[in-house]
Structures are given as C-alpha cells and as structure tokens.
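I opened this model to look up a few points in turn and note what I found. The entries below follow the order in which I looked.

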Amino acid sequence: MSLIREIDFGTPASKSEKMVTLTIDGNEVTVPEGTSIMRASMEAGIEIPKLCATDMVDAFGSCRLCLVEIQGRGGMPASCTTPVAPGLVVSTQTPRLKDVRRGVMELYISDHPLDCLTCAANGDCELQDMAGAVGLRDVRYGYEGENHVRARNDGAINIKWQPKDESNPYFTFDSSKCIVCSRCVRACEEVQGTFALTIEGRGFDSRVSAGMQHQDFVSSECVSCGACVQACPTATLTEKSVIAIGQPEHSVVTTCAYCGVGCSFKAEMRGEELVRMVPWKDGQANRGHSCVKGRFAYGYSTHRDRILNPMIREKVSDPWREVSWEEAFAHVASEFRRIQYQYGRDSVGGITSSRCTNEETYLVQKLVRAGFGNNNVDTCARVCHSPTGYGLGQTFGTSAGTQNFDSVEETDVVIVIGANPTDGHPVFASRLKKRLRQGAKLIVIDPRRIDLVKGPHVEASYHLPLRPGTNVAVVTALSHVIVTEGLFDEKFIRERCDWSEFEDWAGFVSEDRHSPEAVEALTGVPAELVRGAARLFAKGGNGSIYYGLGVTEHSQGSTTVMAIANLAMATGNIGRPGVGVNPLRGQNNVQGSCDMGSFPHELPGYRHISDDATREIFEKLWGVELNNEPGLRIPNMLDAAVEGSFKALYIQGEDILQSDPDTKHVSAGLAAMECVVVQDLFLNETANYAHVFLPGSTFLEKDGTFTNAERRINRVRRVMTPKNGLADWEVTQKLAQAMGLAWNYRHPSEIMDEIAATTPSFALVSYDYLDKLGSVQWPCNEKHPQGSPIMHVDGFVRGKGKFIRTEYVATDEKTGPRFPLLLTTGRILSQYNVGAQTRRTDNVVWHEEDRLEIHPHDAENRGIHDGDWVRLASRAGETTLHALITDRVSPGVVYTTFHHPDTQANVITTDFSDWATNCPEYKVTAVQVSPSNGPSDWQVEYDEQARRSRRIAGKLEAAE
Amino acid sequence: MSNDAKLVRMANQIATFFHSQPPADGPMGVATHINKYWEPRMRRQFFDIVDNRGGAGLDPLVLEAAPLVRRPPAEGLATQQPGV
C-alpha cells in the first residue's frame, strides 16, 4: 500500500475530438484541440513548474511560473493559458526560462514564512516543490521588508498580517502562508458554485477573503465542501486533522456512506488512523468534488457513543447487560425459534439497511427468506423511494434512474421537482449549477424557495411554488400544455411507446379540467407559469427531470412518478445523454438495497416472489423451499405487531422509531414485540425498544459495495479494523449460523459472486471486475459488459414505453379550522437524515437544532417572533421547536428538518401513505402552530424514557 | 385507527387509482395489485371483511375485484415451522 498520487495536469481536459500534434522538448505529442500546452506537456510526462494552475479549475495565468518558449513566437507565454496548435515547437526549459522562474520564486518566498519543518504542509506543499524545481538557493531581497508573514515588524504592529482563522471546525485559513494564486477562489466558484471566497484589495494588499470583509469562514457563505482546501498549494488552507496528525502514508479508494450521490474518496491513512478523506478525481459520480459530510463528517466513526459490545435485556425497562457475541447470537436464535414455534412462522421478520453494503443487505434478506422461512423483509426505501420503483417499473419497466450524473453536462433544460439538491445531494447540485452557469435553463417545482431558485450566477427560469400535495395536478397540467399545444415528440412516441396508450393518455390530459387555469385554484401556481415552464421544457433542447422525496412521500407518490415518466416520454427525453428521469436517492445504498431483494414481494433483481423460475434459482443454491407469498412491509409489520400476530424483528442499520411516520404507532408496534434486535453503531431511538443490541461497524471498517442513484456499483474498502470486532456481514452470518444455516462466506466478494450468479443484471459484476473498471453501472452482463451509463437507449426495458393516466386525488390529510397550515419536511446540508452520524461530528456548528420555518404573515397572525418556542400540532401528535420566520415558505405552509430526535418531527406526521407502496406521506401534514413555553409533555416523557432505556449495567449513563 | 379500517382505506386507495384508468383495467388492476403486494394475513383480513361483513366500507370496484384476489393458504399451513 502506498499513497495514491493523482497526476495534476494543470488544466482541465479538452472534450474536442479533433487531435493536434506538436513537439515539446523534442517529443511529438498528440492531444485534443483546445488542450493547454501545460496539459499536453504533462501528458507527455514533462512537468512544467506551476503554482496557480490545477486541473480542477480553468487556467488563470497569474503565477508566471509555467512560462515556455515557442519557436517562431516572441516572449515567454504562460503554458496554462496557451492552447496547443499543430506543429508548435515548444521548449519548457531554457536559460532564459530558468532565470525568469527563479526570479518569480524569489519574489514569492520573500513574503513567505520559512517554517517548513514545522509546517502542516511539509511533504505536501507545491510552493516547497517549486522552490526545489527551479533551484531557488537565495532570496536577494531579504525578508525584512513589507510582508504578510509576521505579526510585528521591528516591534510595530504589521497591519498586513492577519491571525489564523480557525473558525471552521475542519480546516484553518492562515493568510500569512497565502501566495494569492486564487485557486481557492476559483474552486469555490467553478467547482462548488458557491462564490463564497474572493480576493479583496489590490496589488500587494490583495488577500483571500471569505464573504464580506472581515468575515471569518464559519460565518461566511462557505459551505465547507473542502474544494478550496484541496486546491490550495500551500498550508494556507489545511485540514485540522492534518495539522493534528501529520501527513498520511497510504491511501485507499472507497465510497462515501452519506447520500445517494456515492462520491469516491481516497481515505488517506497513517496506520489505522484516518488522516483525511480527499475526493478522488477518477470517481465517476463526483469527478473529484465533495461536500462537508463526505469530506469532513466522519468523526462519528470513532465517537465515544459507539457501542462496541453486544448487549441483551429481558424487558425494555431493564438496563442493558453486556454479553459475548456467542451469547448474543444464541439468545437471538433461540428467541426467534421460540417465537416462531409459539406464534407461527410468519410472526418474525427483518429490515435491511440502506446504509449497509449490497452484500450485507443481500445476507439479511437471505436470512429472512431462507432462515425465517417467510418473506417479511423490507427496507427503509419503503419510506422514501418505493414509489420510484413502482412508477418507473410500470412505465419504463425497471426500477431505477435512467442516467449517469455526467449526463447533466449535456442537459439544456432541467426540472427539479420535490428535491433540494444543494442540501440533500450537494455534489450533484454543484455539477448541476456548473451546467446552469453555462446556460442551461432551470424549472423548480417546490413549495419552498430552495437555494437553486436564486443563487450566485444561477436563477431558475420558473419556480412553481405549489401547495404541498398537488404534484400530480401540476405535472399533469404541464403535460396538458404540451399535448394541447402540439409540443410533444410524435416521432419518439411512435417509435418507442405504445401509440394507442399514448392516444388514451393524450385524450385524458387534454381535458379542460387538467389545464393550468383549471387547477390553479388548487395548486396555487399561476397558470401562466405552468404554461411557460411546459413550453420551455418541451422545446428547450435536452430536457432532464431530477426529483426527490418531495415527489415520492405523498399519498400519490407513485402517481407523480408515473406523471414524470409520461412527461419525459411525451417530450422524447429518454435514452440519450442530457435527458432522462433521475430519482435523487436519499441514502448511500437505497438503490442497492432495493436491487438486492429487500422488498417483501421480490427477490434480487426485482423479480416477483411468485415467479417459480426465479425462486427455483435461489432454492437450488440455498437448499431450501421459499415461500411464494409476498411478506409484510414495514407499516404492515407494525400494524400486525399492534394486532398481535408479529412478534420479533431483526433491524440492521435503520432507526424506524425516529425516521418512520406516526412515532406513537411505531413505538406501540415495537413495544408489542417480544424480541426486537437492533444492529447499529449507536443506541438509536429504535433501540429504546430493543431486547438485543448488536454493535455495527462503519463503512471504514468493512469491504463491500454501495450502489448509488445512477446505478453505479462502487467499492467500499476496509481501511481499519472494526472497533466492534465484526463487520456487519459477519454479524448476520454468525446469526444465521446460530440459527442452523450452513453459511460460510470468507469475504464479501464471495457474496457478490453469489449475487452475480443469481441476478442477471449483475452477471458480470465481481470485485476483480470492479477493481479493473473502477466502478460499473448495472445492468452489467454479456449484453452490456461495460455496464449501462444510460438506460432505455434502443428501447424501453419493458418493450414499449407505457403512458398511464394520472388523475389528481386530493390527500385525505386536509387543512381545516383546527389545523389550518400544511407542514412539509426536508433536509439541511450539514446534517444527514436522523442525524445519528452527523450529530456526532462538528457539523453541529451549522445546525444544532431543527427549526420551524414559517411565513411572516402566518407568524404575525399568531404572535410568533423569530426564535420563539412554538407548539406544532397535528391530529397525530404535537411537539415544540424554535420558529424561524422566512418568506422562503409561502403563507399557509410551514417547513422543518428532522435531524434531531428531541424535535420528534414524526410525532406530527400521520399514517397516510402512498396508494401503491405504502410509502408514508411525510410531505403533507395539516398542522397548527402556536406560541409555547418549551418542550411538550410528550417530548419530556420521551426523553425520560429514552434516557432510562439507554442504561447499561455497570456503566455510567451513556451520553445522549 | 383499527387495522380493519386501515385495510379498507388501503384497498380503496388502490381502487381510486384504477377508477381513473381505462374501465377494462379496473377490477383486474385492483386484484393484481393486492395479489402482488399484500401478505396473506392482510388478504385473509380482507376476505373476512368481504365474506363476513358484507364488504363494509369497501369501494364497489374493490368488491368487483374480490373474486380475482387470490385466497391465502389456510392459517394452519402458514404457521408451519420452516424446515431448516
């Protein structure tokens, strides 16, 4: 193992297909037209000295170090800003160049501290490297003059000096080491698209500044993505972990365990200590970019709250008792057997985790089907993207997004509906914003004015601020305009879809009652905006649709997914780069957990459990007979538990008590069970009702694969020993063995081999193959040996694309005199889902509590001021939190995040759910808001119960 | 809300969707959906409502679909121990 050193070509690659040949230092080099001389040279293995150039941003030409001489041209042009041309003869090293470069370096170093030995960048400093490269031996100017280096000059205060800015929890900014190359400023603009950094002052006074003058990093608009730190060639911007630990000595490429973008990172290590996570340039989802969570928020993996020993207890009111792994496994096995004997085979089940690997998920569903002998297995996708599976399955024939993330680079019009990418999927958002700055158009359909609606150098052409719950009406109205105004793509539809179904659907959407004018009163969106947006989408070139849980988590979630699919087909936007229907998946492995047969009705690869041929494949391999009936979904399990026919549940990496709706119903279901087994990193909320706790391992501690939102199977690689002793797949295996199953996987790669052998869309996938290709998007089989970046290229998976009528049906969750406002929920950048991980990192500096966003008008009516405690009540329950008054939400709509357990946002949400999949309707709850003095009785009671249930015998009370 | 009431609501929600589809798809659509996604004890409960309580509360389309819904195996079979 060694440190992976990525080559910095200095300037970005050119996409031109036309090739140009030139000569550099006597070597003939052929590169795409538009390539810089610097890059061409590096491709030939000749490194031209540089400081302000790096290939993550465009050339800037400021440092004057990369000069070259070109035969027949005068002067010494900068190689970073000079493009190649046919027949050029370039010299990168001449006596004249040597002198000039050394002179430039001499000037830089004359205003730079000489503390190299104790500097955090020692060993990873481009300035140091360049001083070496140009042979700098002496600084004739001395160090005494005007400078930014020392706090005092001859005893007098040096006003040019600035103290170190340590306000950001993860990195420091030390202006005294800055060479003002602008790489950080450009990374913030070009890569992240936040424009938080700038250069203030002129000439010798210029310096990097976050936000307005004299703002520190943490109070500026900086989103802490880390791009500037990565771009910095000196120690000016440095990870605090590097300052604390030192330079890493080896690195391993792995995959982030936060959102569904699935960024590739280099885990840079010193021994088993993680020094830092650096986004990997070759990562095909993130292309070298990151967000604050993946880049920095990994501290939870070593947090003192982690539970490292298995624990059991008889009653949930007892304190936990630490036991050996053997005792824990034997206990679970005997309890599950007892319960099945007493209450029937179908009285137990399991929940797979979208945070765990494909291999681990596969094993849990295998344990349920082969070991428990039923199909009571479900996964958290039930509560997020199950409508995507259903809707896209019905219309296109497969349950997945149609594109890769690179596709956004070729899109011309984007619809973002029910998603907030800058917070939920930040790295994708940065890639989208880059395309928008190049001129692509944006339509946002969201009740809330999300950041994408208007931000630095990005502005949506249309924002349709619909009332929560009216997605189907709005999307159908878009189709109404497209059909009635003849804007549909007839050629595409005739070739690729069933024409008679299209005609039926076209007749349906053309009815007057679906016109933007007719639905305006109910959606709240001005008809003209809908018409404008429809025309733009239909005629604006490549049209793509990105959506999130604001689409799926409704009683008509599946219908909206179908409406989106209809819209894409009607406009011919399927089957090539730049278009498509793209669900933005919430968790790192939601796609994978669905692919792996986590749903109670289907085996891996989305094959229904009633299909004899599919069952036979698994029955032969597993040596058991499989039940051909669908099992219970999570909400059904809880219903059955309350009713008394469901008694035991094995939950891997999922906190249903906090994340599922209608908390009181969930807790009643859990309380009615006789054996709840929770496998997790921490004593999560669900564990309050658990009888057995099996400690889990982090993504840093195991091998496996995650599948991201673009169907990309990425390797997860172990970089440290599991602190709890076992990787999660080993825990499930040992549990299965305790139950008498003859499993003997020695490595997760063997599990993947079994998946490939049984699942046609994974036929060619193996760890060796992934190592060779880096990553691959399924289907990956004989027909698509390189995987499938874009789906439905030559035809839909189901044959002909199916248009389906989408009638708007108002949710039963209605506002009225008691509950006049609509609550919708979402995420914030720095926190992740239920916050179990991010709350245990320094990310809390950005979001220490969930707040209720309320429009000034609604606040005024209720006598609520910014920051007041407010009571939030629905027919399901009530909670309290602090108000945040903002016009980002419309009058009549309130909004909150759900990252903190003490907020208990899901006490408020109801038991309404999607008609097709039972996906809960999180996004619409009728509520009332009123002033309050503090936490509700329920919150106090809950907190007390949670505290009691976390006691461990012989230990002081666990924190949180 | 009782489990029965929940089940009725779920069935009716499915029917509501199929009401808007071409009429020929209606009963078969509802029945296929229930067959594919409802666990046997849910279907057992469903038939209890249909057979013994006159389908109280169920959408007429659900009742029309009921004969096409697969009858779950008798309870005794379902409670067998798995043969591991």
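Entry one, a covered strand. In this predicted model, I looked up how far strand 18 of chain A, residues 413–417, is covered, and I found that five of its five residues are buried. I then checked which way the side chains go: Val413(A), Ile415(A) and Ile417(A) point one way from the strand, Val414(A) and Val416(A) point the other way, and all are buried.

Entry two, its partners. Which strands pair with strand 18 of chain A, and in what sense? I noted strand 23 of chain A, residues 543–547, which pairs with strand 18 of chain A in the parallel sense over five bridges, and in that pairing I found Ile415(A) opposite Ile545(A). I also noted strand 19 of chain A, residues 441–445, which pairs with strand 18 of chain A in the parallel sense, again over five bridges, and here Ile417(A) stands opposite Ile445(A).

I read off 29 helices and 38 strands for the secondary structure of chain A. Its radius of gyration is 29 Å, close to the 30 Å that the globule rule gives for 960 residues, so I wrote chain A down as being as compact as a globular protein of that length. The C-alpha trace of chain A spans about 90 × 75 × 65 Å along its principal axes. Of the 960 residues of chain A, 59% count as buried, and among its contacts between residues at least 6 apart in sequence, 72% join residues at least 24 apart.

I looked up how many residues each chain gives to the contact, and found 31 residues from chain A and 23 residues from chain B. On the chain B side, the elements that give two or more residues are helix 1 (3–19), helix 2 (26–37) and helix 3 (40–52), and the largest share, six residues, comes from helix 1 of chain B. By class, I recorded 11 nonpolar, eight polar and four charged residues on this side of chain B.

Note on methods
Residues numbered from 1 in each chain as written. Chains lettered and ligands numbered in written order. Predicted model: local features only at pLDDT ≥ 70, side-chain atom pairs only at ≥ 80, totals over all residues. Contact = placed C-beta atoms within 7 Å. Helix = DSSP H or I, 4+ residues; strand = E, 2+ residues; numbered from the N terminus. Nonpolar A, V, L, I, M, F, W, Y, C, P; charged D, E, K, R; others polar. Buried ≥ 20, exposed ≤ 12 C-beta atoms within 10 Å, placed from the backbone. Pairing = 2+ DSSP bridges. Rg over C-alpha atoms; globule rule 2.2 N^0.38 Å.
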